[in-house]
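Colleague: Before I use this model, I would like to go through a few of its features with you, one at a time.

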Amino acid sequence: ELLWSIKKQTSNEFDFIVFSEGVLESEINWSGVRHSFILITGSPLEIRIKSLSILSVLEYENFIFTDADDTLSFNRVERSINLLKKYSLVCNDLNIMNEIGTLTERNIWKDRLNVQFEFDDTFIFDKNIIGFGNSAIRSELLQYKINIPSVEIVAADWYVFYQILKLSRKSACFSSQM
């Protein structure tokens, strides 16, 4: 469960900001989790772009993203913050769990990308290793405005991060250590 994994982080110096497309704040047991709750609507791509626009005016140095159906490794916040000192964008490896929560595959990209791997927009041009479920970003990268194209984008998360890296000309880091 996401909220349980947030409470178990090795670093708890963070605020939890939730963007919800339909679930109401009152429907969730927030016990022990400092949070802000923002209702938002639109297509998957529009929601992501609107969310980044909202975050861009907040006074935070870093943002660590997750999806509502994910859980975070206990060191995700701490390790992401440490990597963001060197890199503007960080993504982490993923573990696969089945519908009852049993781990079925650990670190699905580690063997192909190593424990830590630096990349840029040219690497992810035709690879989808980064999404809102496994990424963290410095706030400075939110200054780049992403346009919604006239064609349908199937992989909204990939599109957003590809555009950010392309516009910023920054390098990112993949890590399997969280």
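Colleague: In which strand is isoleucine 64 found?

Modeller: This is a predicted model, in which local features need pLDDT of at least 70, side-chain atom pairs count only at pLDDT 80 or more, and totals for chains, interfaces and linings use all residues. Residues are numbered from 1 along each chain as its sequence is written, and side-chain values use heavy atoms, with hydrogens and water left out. Strands here are DSSP runs of E with at least two residues, and helices are runs of H or I with at least four, both numbered from the N terminus. On that basis isoleucine 64 belongs to residues 62–64, which form strand β3.

Colleague: Is isoleucine 64 buried, partly exposed or exposed?

Modeller: The classes rest on relative accessible area, with buried under 20%, exposed over 50% and partly exposed in between, using a 1.4 Å probe and protein chains only. Because its relative accessible area is 30%, isoleucine 64 is partly exposed.

Colleague: Which residues does isoleucine 64 touch, not counting residues up to four places away in sequence?

Modeller: A contact means heavy atoms within 4.5 Å. With residues up to four places away in sequence set aside, the partners of isoleucine 64 are Arg76, Val77, Ser80, Ile81, Ser135 and Ala136.

Colleague: Where in the chain is confidence lowest?

Modeller: pLDDT is the predictor's confidence in each residue, from 0 to 100, and its mean over the chain is 93, with 100% of the residues reaching 70 or more. Confidence is highest in strand β8 (residues 135–138), at 98, whereas the lowest mean, 86, belongs to residues 96–97, strand β5.

Colleague: How many helices and strands does the chain have, and why is it as compact as a globular protein of that length?

Modeller: The secondary structure comes to six helices and nine strands. The globule rule, 2.2 Å times the number of residues to the power 0.38, is set against a radius of gyration taken over C-alpha atoms. For 178 residues the rule gives 16 Å, and the chain is as compact as a globular protein of that length because its radius of gyration is close to that, at 16 Å.

Colleague: Which class of exposure does arginine 169 fall into?

Modeller: Arginine 169 lies in the loop between α6 (156–168) and β9 (172–175), and its phi is near 60°, a positive value in a residue other than glycine. Since its relative accessible area is 59%, arginine 169 is classed as exposed.
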